[in-house]
Structures are given as C-alpha cells and as structure tokens.
Amino acid sequence: MIDTLYLPFDCETGGLTKDSSLLSVHFAICDKDFNIVDELELFTKPNDGQYNVAAEALGINHINLIEHDKVALTYSVAGQELRNFLWKYSQNGKIKLVPVGKNVGFDVIKVTDNLLGMKTWNQFVSYRLYDITGIVIFLKRQGKLPLDAPDSLSGLAQFFGIQAEWHTAKGDNLAGIEVVKKLESL
C-alpha cells in the first residue's frame with residue numbers, strides 16, 4: 001500500500017488580481033505526518049519578461065523586481081523543474097499528491113495558469129484539496145477551536161506560537177505546514 005504524500009505549497013504574486021505575475025512558489029513533499037521529505041523553491045518570471053505587478057504587493061512581499069529578475073526562471077523553465085519534481089514524488093502519477101495550503105485553490109490556479117497546464121498538473125496531483133481554511137471552520141464548528149480563533153495564516157501561527165518569515169512563499173508554506181500539524185493534533 002502506498003502512503004499518501006502531501007504537497008503543501010504557497011505562491012507570492014505581484015498583486016491580488018488574477019492576472020498578476022507569479023513571482024515565487026515553494027513546494028514541499030510531506031509524509032502522512034507532515035514531515036518534509038523534500039522541497040522545491042522557484043523564483044519565476046513571465047516568458048516574455050513583461051511583469052504585471054503592483055507596487056503595494058512588492059512592498060508587502062519585499063521583492064525587489066530588478067534583483068528578482070536576475071535570478072528568476074522563465075515560467076517555461078520553472079514549469080519543467082516543477083514537472084520533474086512532481087513526476088519523481090508521484091512516481092509518474094501512480095501516487096496523486098494532495099495539495100495543501102491556506103486558500104490553496106488560488107495557488108493551484110496560479111501554478112496551472114503559469115507553470116504547468118491543468119492536464120499536466122492532474123497527472124501528478126489530486127483534485128482533492130487539503131485547505132487550512134476549511135479545516136479551521138470545521139474545527140470551530142466541532143468545538144475543538146474557539147469560535148474567535150483567528151482565520152488568517154499569520155493569526156493561526158501566532159495562536160499556536162509558530163514563528164515564521166512572513167510574505168515569502170517559503171516562509172508562508174513552512175508556517176502552513178506547522179499550522180496543519182497543530183490543527184491535526186487538536
């Protein structure tokens with residue numbers, strides 16, 4: 001029997017709109033206990049080099065676009081790295097990796113719109129999402145979390161005493177993994 005593998009991930013974009021540029025994404029492969037098996041961090045840029053960003057978003061995630069552009073991979077190249085990573089851990093699609101995150105559906109859209117098409121993504125990744133938001137709502141309804149417990153990832157991390165490097169894909173993702181561990185222990 002093949003154990004479930006989880007794919008926690010988080011994206012940082014150049015804004016809050018659907019068409020804002022994907023700038024970075026951090027993926028982790030986690031075992032059934034959410035221990036990290038491997039990680040992939042990608043700094044990305046549009047294939048044509050034309051970013052769609054908002055100054056406010058770059059201020060929040062502290063991305064200097066000039067420096068970012070020097071190290072960023074085009075979406076095509078980053079997509080190939082991601083495909084290889086998913087192929088390896090899904091055993092070429094035999095195991096469907098379960099996406100995990102806070103409002104992870106948004107991140108799935110950003111990745112499938114920019115790095116991998118939905119068809120390729122679906123070869124390796126389950127359509128079933130493990131969304132922290134839904135888990136928090138459920139635990140509140142079950143009385144396992146106070147009704148006034150925070151809903152944001154940073155609020156949940158603070159509630160559980162988790163430190164993080166906020167507003168980076170890696171920092172937010174690693175904090176999300178720790179929040180999931182705390183939620184599952186309730």
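Let's start with the charges: the chain has 18 positive and 23 negative ones, and their mean positions lie 8 Å apart. Here Lys and Arg count as positive, Asp and Glu as negative, with His and the chain ends not counted; each charge is placed at NZ of Lys, CZ of Arg, CG of Asp or CD of Glu.

Keep in mind that this is a predicted model: local features need pLDDT of at least 70, side-chain atom pairs count only at pLDDT 80 or more, and totals for chains, interfaces and linings use all residues. Residues are numbered from 1 along each chain as its sequence is written, and side-chain values use heavy atoms, with hydrogens and water left out.

**Overall build.** Going from the N terminus, the elements run β-β-β-α-α-β-α-β-α-α-β-α-α-α, which makes 8 helices and 6 strands (DSSP runs: H or I of at least four residues for helices, E of at least two for strands, numbered from the N terminus). The radius of gyration is 16 Å, close to the 16 Å that the globule rule gives for 186 residues, so the chain is as compact as a globular protein of that length. That radius is taken over C-alpha atoms, and the rule is 2.2 Å times the number of residues to the power 0.38. Of the 186 residues, 47% count as buried (under 20% relative accessible area; exposed is over 50%, partly exposed in between, with a 1.4 Å probe and protein chains only). As for contacts (heavy atoms within 4.5 Å), 67% of those between residues at least 6 apart in sequence join residues at least 24 apart.

**Two loop residues.** N35 sits between β2 (22–30) and β3 (36–45), while L145 sits between α6 (132–141) and α7 (153–160). Here are their accessibilities:

| Residue | Relative accessible area | Class |
|---|---|---|
| N35 | 37% | partly exposed |
| L145 | 3% | buried |

Leaving out residues up to four places away in sequence, N35 touches I29, C30 and K181. For L145, with that same exclusion, the partners include V136, F159, L183 and L186. L145 and L186 are 41 residues apart in sequence, yet 8.0 Å apart C-alpha to C-alpha.
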